[in-house]
Every structure is written in structure tokens, then in C-alpha cells.
Amino acid sequence: MDVHHLSRTDARRIAVRAQLLERTRPAGLLDVVRRLTLLQLDPTAAVAPNAHLVAWSRLGAAYRRDELRAELEKRSLVELRALVRPAEDIALYRAEMARWPNGFKAAGDWMTANDACRRDVLARLEASGPLQSRELPDTCAVPWKSTGWTNNRNMTRMLEFLSSKGEVAVAGRTEGGERLWDLAARVYPDDPVVPAAEAEQRRNERRLAALGIARARRTQVPVEQADVGTAGEPAVVEGVKGEWRVDPVRLAQVGRPFAGRTALLSPFDRLVHDRERALELFDFEYQLEMYKPVAKRRWGYFALPVLYGDRLVGKLDAAADRKAGVFRVHALHQDTPFDAATTAAVEAEIRALADWLELDLLLPAG
């Protein structure tokens, strides 16, 4: 297969189109999740929870925050490992679940030692689910040992391991964000299990379609990979070392007119989630600085990457102060000085975000 030669502009536009950030917006939330393959759930709500902020970045003012809960209740979307996925995609993970613990010996041994507890949990969920973890009595004979926060959190680990095995699933969340657990058979669709090798290839193809362009191999990251194996077609990008894989659908759009827009992105947005890729393709340096001391922050606690057309041009340091009823802008960091058109477009998007949050916009003095 021939290796495709792409300019950085080509590569950026492939990525932006794949992430549904062109001027034409997608049809609705379900369309967004099916095409992006996931929404990451994260409790940080300095502006808005990640899943809502990603949805708003694609759908704009048309997105209502109760839509996500509605789709989860209808089971058109389901939660797996703190990621919201299309329900039909779960079939691509069932073979992997059946192989659990798949090398995680400590977990497998612990579950074997606590099989009576496992059976008790499943029986209680069958009789009374959905339930929170604290509503399930800890009958584990052997405590879970860890040097981290999970030490002796037996029911938390039991439910997470049962989820990894495909025996239980998150059936919903409380108003406070606590997970509600139930038998997986009552949450996931009863679709045929896709064989493991085929499922891995289809997941890679789905991931590449959502990213547009990605590395074949990348350092492994928890939960959701950033690489795509042999999916798509090989490509090189002008001025960037190494080989990439590119989605054939997006490849066919190279050279066609590109209609971009302005967007404020979550720090967890898949366009920027792979920081190395963002630097290579967009020349965009970014770190989430919420865990840094204030004095060491360059851009802010939860700075939002700013997309303008096919370029990532800056970071918005802002926070939703719900108690005061304001969307407080601390600073707008420009990677390179904005021209008049960029300034106007970014300011309009900041106002749109404040409106969607139903907060008054408060700009920095001066």
C-alpha cells in the first residue's frame, strides 16, 4: 500500500473533521457519541463536567445537559470504565471481558479467594439492583491490599473487577454522581459477542475514524488507547518524524474546501488529549495544570484550548462561579497575537459558553 504524503494543514483538517469540529454541526448527542466513540466522564466541573463540555463544543446551544442522562436511561448509551459509549459498541468488549483477568494475577487470585462474596453481590443485585456500592455488605474473606487509595476498599474493587469481567455494569448515577450497579445482562444489549481479534481491529478502526489521524503505536495509556494498530492507511506528515495511520474517509476529503469554526475545548477533549500529537500536528503545547501549585501555572487551573479553524491558537483561563452567578474569565492566553477576526470569533464563543451555562459573563478588569 502506498504511503500518503500530507501537509500539516492536511493532517490538522483531517483531525478537526473527524472530531466533528467543522462549521456544520452534528445532528444530536447520540450522533456525536457514535461518531466520537466515547465521552469521558470526569467530575471536575470548573467550567462544566467534561462530557457536557465536549457535547456543547460540538452541538452548541442546542445541547441540553439532561440529554445525556436521558440517553443513558434509554440504554442507547452506556457507561463502561467511566466512558460513555454507544450501547452497540459493547459487543466489541465482551470477548476481552471473558478473558479477564488476562494477566492481572493479583486480581484473579483475590477474586478466587472471595468467590463467596462475588456470588453474594450478584445475588443481591439480581434481587434488588440497581444499588450503590455502600448498599452492598462487605462479605469478602480476604481484604484487597494496595499501597494506593483502594487499600481495603473491598466492595469498590469487587464491583470494578466484576465490571471488567462483564458480570455487572453501571446502570446509572445518583444526583451526587455515585455509580449505581446492576447485572450487566440488564444494562448491556444482548448482541452477539464479536471474536477478540476482530473486535480489536474494529475498535482500532472506530478509534481512527474518530481521530482521523493517529500513530500506529503509542505509549499505552489507561482505559482508552491513543494508537490504532494497522487500521486505515499509512501516511507521513510534512515536517513530522515517523509514520501515521489515516482514516480513508477523511483522506478522501483532503483538498476539498474546509469550513472551520471557533470552539472552546475541554482539556480532556480527544482533539488535544494526546498532548504529543497536538504538539506534532498543531504546534500546540498544553498541560492540565489543576494539580500544579498556583505559582507554577502558565495558563490556569482548567484552561480551555481554543480552536480557530484548523489551528489551536490559545487557552482560556475561566471558571463557572455558580454561587455568584457568573462565568469568570481570568485571562485569554494567545499563543500568537490574534488578528481582529480571531479576536471577534473567540469573544463570541466565550459569550456563547456563558449563555449556555446560564451565567453572566465577567471579564477581567481593563
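Residues are numbered from 1 along each chain as its sequence is written, and side-chain values use heavy atoms, with hydrogens and water left out. Since the model is predicted, local features need pLDDT of at least 70 and side-chain atom pairs count only at pLDDT 80 or more, whereas totals for chains, interfaces and linings use all residues.

The domain assignment, with bounds taken from an automatic or database source, gives domain 1 (91–186) and domain 2 (262–362). The centres of domain 1 and domain 2, taken over C-alpha atoms, are separated by 37 Å.

The second largest pocket has a volume of about 720 Å³. A pocket is here an open set of points on a 1 Å grid over the protein atoms alone, where a 1.4 Å probe fits, with protein on both sides within 12 Å along at least five of seven lines; the volume is the space filled by probe spheres set on the points, which are joined across faces, edges and corners. The lining, made up of residues with an atom within 4 Å of a point, comprises 25 residues, of which Leu41, Leu68, Arg173, Thr174 and Gly177 lie nearest the centre of the pocket. At least two lining residues each come from α3 (50–59), α4 (66–74), β3 (77–80) and β5 (168–173), where helices (H or I, at least four residues) and strands (E, at least two) are DSSP runs numbered from the N terminus. By class, the lining holds 12 nonpolar, five polar and eight charged residues, with Ala, Val, Leu, Ile, Met, Phe, Trp, Tyr, Cys and Pro counted as nonpolar, Asp, Glu, Lys and Arg as charged, and the others, Gly among them, as polar.

The structure holds 32 salt bridges, each defined by a side-chain nitrogen of Lys or Arg within 4 Å of a carboxyl oxygen of Asp or Glu. One of them joins aspartate 109 to lysine 105, with an N to O distance of 2.6 Å; both residues lie in helix α6 (residues 105–113), four residues apart, or about one turn of the helix. On the scale of relative accessible area (buried under 20%, exposed over 50%, partly exposed in between; 1.4 Å probe, protein chains only), aspartate 109 is partly exposed at 40% and lysine 105 is exposed at 59%. Another salt bridge pairs arginine 124 with aspartate 120, the closest N and O atoms being 2.9 Å apart, and these residues are four places apart in helix α7 (residues 115–128), about one helical turn. Arginine 124 is partly exposed at 37%, as is aspartate 120 at 21%.

A salt bridge with an N to O distance of 3.0 Å brings together lysine 315 and aspartate 335. This pair links distant parts of the chain, 20 residues apart, with lysine 315 in strand β12 (residues 311–321) and aspartate 335 in the loop between β13 (326–334) and α12 (340–357). Lysine 315 is buried at 2% relative accessibility, whereas aspartate 335 is partly exposed at 35%.

Apart from its neighbours within four places in sequence, alanine 318 is in contact with Val47, Phe302, Phe327, Arg328, Val329 and His330, contact being taken as heavy atoms within 4.5 Å. The C-alpha atoms of alanine 318 and leucine 159, which are 159 residues apart along the chain, are separated by 37 Å.
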